[in-house]
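I opened the model today to look up its charged pairs, its pockets and its aromatic rings. My notes follow in the order in which I went through them.

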Amino acid sequence: MQPSAATHSLLRQRWTTLSLLQWAARSLADRGFDEARLHAELLLASVLSCSRLQLYTHFDRPITADELARFKTLFKRRLAHEPLQYILGETEFMGLHLAVDRRVLIPRPETELLVEQALLRMRAMDKPHLHVLDIGTGSGNIAIAVATFEPRAHVTALDVSAEALQLAESNARSNGITTIEFYRANILDDVLPGRTFDFIISNPPYISREEFSLLQPEVRDYEPRIATTDDADGLTIIRRVAELAARSLHAGGFLFLEIAYNQSTEAREMVERAGLHDVQVAADFAGHPRILSARK
């Protein structure tokens, strides 16, 4: 593959921190990337092993040939629409640092709302121990956050992907959490027979097959399809989680589900048909119905 005009420009000039940052931000913006300046800053800060603030306090620092080559490699990945979190190899979730790569879905702010709402219910429950099931753990973000912020929680985390579980376990260890039970399981099968829980929390693959094809390339082409869509109507796993919750929750236990912006009516009906009560749907940051909760 021939070098692009952008990479030719990189090779022709002598660069400082500020000039390279300005060029990269402008190049991303010209190609329609959102948050171009922020992404340029984060990529360059990663290469230089410094903070974003230090990019500006050392703005006239010359960029070495080795640093330029490493930046070019990362920058080309972003130009190809690879998510910034995968390029950097990490993300933040509720103040926790998590490794992420193409094995797992990138945690979103909406899922922070899911966990925050579940934690509020946990703190109101007067029990010495809380048994929590995280379905589709991915990077482990939900399980690790619950175990971190609710000391009474005993968390069991499931995922169908052995590769995702490997990363989730590593993330738990790096955050000092050693109490989560990780299991490989497909919840369409009979999972954990006889086990019961106070809380079931899940961010399932809720994008329909039709909507998946319309997603931005960062999601469609890079994030794991199995964690994003059920390749059907987007409701397959939601329906199954509702059935599992009706069977596996203690009396008075809670289900918390993240759903798509347009699924609240169908998801509510599924949960109620499964036999759960007090169904509520909270809005996300954009005002869309996103976090469904219900009680057994």
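I took a salt bridge to be a side-chain nitrogen of Lys or Arg within 4 Å of a carboxyl oxygen of Asp or Glu. The model is a predicted one, in which local features need pLDDT of at least 70 and side-chain atom pairs count only at pLDDT 80 or more, while totals for chains, interfaces and linings use all residues. Residues are numbered from 1 along each chain as its sequence is written, and side-chain values use heavy atoms, with hydrogens and water left out.

**Entry 1, salt bridges.** I looked up Asp221 and found its side chain in a salt bridge with that of Arg220, at 3.2 Å from N to O. For burial I used relative accessible area with a 1.4 Å probe and protein chains only, where buried means under 20%, exposed over 50% and partly exposed in between. Asp221 is partly exposed at 41%, and Arg220 is also partly exposed, at 30%. I then noted that salt bridges with shared partners join Arg37, Glu41 and Arg52 into one network. Glu210 and Arg209 meet through their side chains at 3.9 Å, N to O; Glu210 is partly exposed at 49%, and Arg209 is partly exposed at 43%. Glu150, whose side chain forms a salt bridge with that of Arg152 at 3.0 Å, is buried, with a relative accessible area of 5%. The structure holds 18 salt bridges.

I worked on a 1 Å grid over the protein atoms alone, where a pocket is an open set of points with protein on both sides within 12 Å along at least five of seven lines, and lining residues have an atom within 4 Å of a point. Grid points are joined across faces, edges and corners, and a volume is the space filled by probe spheres set on the points. The largest pocket has a volume of about 1,000 Å³. It is lined by 31 residues, of which Glu35, His39, Leu84, Gln85 and Ile106 are the closest to its centre. Helices (H or I, at least four residues) and strands (E, at least two) are DSSP runs numbered from the N terminus. Helix 3 gives the most to this lining, with five residues.

I counted rings of Phe, Tyr and Trp (its six-membered ring) as paired if their centres lie within 6.5 Å, with planes under 30 degrees apart called stacked, over 60 edge-to-face and the rest tilted. By this rule the count comes to six aromatic pairs. Phe71 and Phe75 are stacked, at 5.6 Å centre to centre and 20° between the planes. Because they are four residues apart in helix 5 (residues 65-79), about one helical turn separates them. Phe71 is buried at 1%, and Phe75 is buried at 1%. I next looked up Phe199 and Phe254, whose ring centres are 5.8 Å apart with planes at 20°, so this pair is stacked. Phe199 lies in strand 6 (residues 197-202) and Phe254 in strand 7 (residues 249-258), so the pair ties together parts that are 55 residues apart in sequence. Phe199 is buried at 0%, and Phe254 is buried at 6%. I also noted a cluster in which ring pairs link Trp15, Trp23, Phe71 and Phe75.

Terms used:
On a 1 Å grid over the protein atoms alone, a cavity is a set of points where a 1.4 Å probe fits but cannot get out, and a pocket is an open set with protein on both sides within 12 Å along at least five of seven lines; lining residues have an atom within 4 Å of a point.
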